[in-house]
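Please look over the chain shown here. Then read the short report below it.

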Amino acid sequence: MFFLKQSKKKKQMAKNQKKQNQNQQQQAFLSTDLDQNLQNLQNIYKNCMDVVFRPFKIGGKTKAALIYIDGLANIEEIDASVLIPLMEENNAKEDTDQFIDVNHILEQKLTVSKVKKVQTITECIEQISGGNPILLIDQQSEGFALGLANWEKRSIEEPVGESVVKGPREGFTESLGINLALLRRKIRSPQLKMKSMKIGKYTQTEVVISYIEGIAEQDLIQEVEARLNRIKLDGILETNYIEELIEDNPYSPFPQVLSTERPDVVAANLLEGRVAILQDGTPFVLIVPISFYTFLQSSEDYYNRSLISTAIRWLRYIFLLISLLLPSLYVALLTFHQEMLPTTLLITIAASREKIPFPALVEALLMEVVFEALREAGLRLPRQAGSAVSIVGALVIGQAAVQAGLVSAPLIMVVALTGIASFTIPRYTAGMALRMLRFPMIFLAGTLGLLGIVLGLIMIVTHMATLRSFGVPYLSPMAPIQRGEMKDVLLRAPLWKYNTRPHLTGTDNNIERQGPDQKPNPNHGDDETSKGKGGS
């Protein structure tokens with residue numbers, strides 16, 4: 001037993017020593033010996049068949065090497081812009097030189113627009129992993145990262161989950177460079193800042209913090225950076241990894257970070273003083289801080305007339321309550337409060353439930369579970385068959401359940417109306433939270449009646465009042481009340497009324513968002529018009 005423990009201890013020590021040597025090797029500076037640099041990189045990329053080491057001679061005399069990953073680098077550009085120009089024979093004057101002029105190579109030979117100097121093995125690994133080839137030259141203690149990354153990218157399309165009737169139809173893609181360009185097209189001011197960092201021990205995922213300098217509060221920017229720097233994981237594959245690690249209350253069913261695929265939504269929030277978090281490899285962008293009412297606002301609200309948008313927004317609030325409370329109200333009324341129903345309606349419901357073997361509570365829970373299963377199946381199946389399966393499944397199962405006497409027809413209507421109401425919520429994550437809360441509300445209604453529903457609502461509102469999104473109250477500007485910002489909560493005021501930006505943090509930073517007297521007035525310009533007529 002003693003020898004086994006000693007053997008395990010030695011193996012662990014050897015493993016730690018090997019890991020320490022690898023870390024030291026990666027952190028080492030490049031040397032002037034090309035063979036030594038290549039040997040270090042080959043040891044690091046051992047058993048990596050997709051990493052290409054291409055040795056050659058510059059001008060036929062100076063040793064050099066190109067290192068890149070097959071599939072991530074543009075092979076055609078490497079041949080045309082790097083290898084062919086550098087491997088050409090120098091003229092007679094250059095042949096007499098004993099050492100190669102690096103500046104001459106960068107200025108005259110390389111036809112690559114983006115070149116970055118690297119001095120450590122770690123920097124070389126980062127550039128190679130990002131698809132940029134590394135050029136190493138003998139007798140040079142620094143390498144050159146060539147901006148020739150090229151891999152397959154998805155074209156810009158309209159986001160499926162955030163489609164609009166009126167408004168831009170472009171959405172983010174999995175390429176961080178394209179996403180930054182889409183955002184820069186919306187906001188062309190140099191005040192739009194983008195700070196980059198790497199997260200993930202092995203994935204080294206690039207994450208960008210974007211904000212508008214002079215509008216976003218500096219304390220908010222520092223808080224976002226601090227929370228991101230605290231993340232220590234093996235890898236970040238999607239923005240939900242970041243969202244779960246930076247939100248204020250991780251055990252709440254309500255999302256505290258807004259996730260969107262639309263560049264116009266990100267640009268609008270940046271103009272209000274918020275901060276966006278972009279990640280390479282995903283089209284979803286995180287926005288902080290937010291309030292609960294943000295999830296009930298659609299980008300299309302600001303592309304339609306204010307009266308129409310206000311009516312649609314009120315419709316969303318009504319259907320939000322229907323989505324949360326309608327099944328529980330049905331259960332409470334049939335179980336405890338039959339006297340509240342009109343006599344004719346009560347007789348009709350009683351006749352339909354005459355042969356139902358289950359109480360209203362079990363019946364409602366059963367149908368809600370089946371409906372959620374059908375909805376989930378429709379999402380997971382192929383797009384061509386998903387919608388057909390969900391619709392046909394709902395019709396067939398609902399009709400068969402009623403004919404078999406397992407559920408009543410009124411409940412089928414209640415569940416269908418609840419499902420339709422849940423689709424009116426613009427943000428999918430907020431709809432998921434309400435779908436999850438619907439089940440405990442049904443249980444409370446089946447055990448305590450209307451008292452249980454009131455108790456459940458009090459618990460939900462109390463919980464929401466305690467939430468914060470990067471320090472901003474979740475129910476603001478309703479709780480605490482901020483009268484100046486009510487114009488974009490229950491109403492969608494005309495654009496000329498948005499004179500100031502939302503009050504997000506403790507200080508007001510550049511709150512003026514438009515000039516005075518923006519309200520349309522048919523009398524404006526009459527003086528100039530009359531002067532013009534008189535002058536003519």
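## The model and its chain

This is a predicted model, in which local features need pLDDT of at least 70, side-chain atom pairs count only at pLDDT 80 or more, and totals for chains, interfaces and linings use all residues. Residues are numbered from 1 along each chain as its sequence is written, and side-chain values use heavy atoms, with hydrogens and water left out.

The chain has 18 helices and twelve strands. Both are DSSP runs, numbered from the N terminus: helices (H or I) have at least four residues, strands (E) at least two. Of the 536 residues, 42% count as buried. Buried means under 20% relative accessible area, exposed means over 50%, and partly exposed lies in between (1.4 Å probe, protein chains only). Take the contacts in the chain with a separation of 6 or more: residues 24 or more positions apart account for 66% of them. Contact means heavy atoms within 4.5 Å.

Strands pair if DSSP finds at least two bridges between them.

Strand E10 spans residues 285-288, and both its faces are covered. Val285 and Ile287 are buried on one side, Leu286 and Val288 on the other.

E10 pairs with strand E9 (residues 275-279) in the antiparallel sense, over three bridges. Val275 stands opposite Val288. E9 and E10 form a hairpin with five residues between them. In the turn, Gly281 has a positive phi of about 100°. Strand E8 (residues 258-260) also pairs with E10, antiparallel and over three bridges. Here Leu258 has Ile287 as its bridge partner, and Thr260 has Val285.

Where is Glu162 found? Glu162 is in the loop between strand E5 (143-146) and helix H7 (176-186). Glu162 counts as buried because its relative accessibility is 12%.

The side chains of Glu162 and Thr260 are joined by a polar contact of 2.9 Å. A polar contact is a pair of N or O atoms within 3.5 Å; within protein, one must be able to donate a hydrogen and the other to accept it, and residues adjacent in sequence count only if both atoms are side-chain atoms. Leaving aside neighbours within four places in sequence, Glu162 is in contact with Thr260, Glu261, Arg262 and Arg427.
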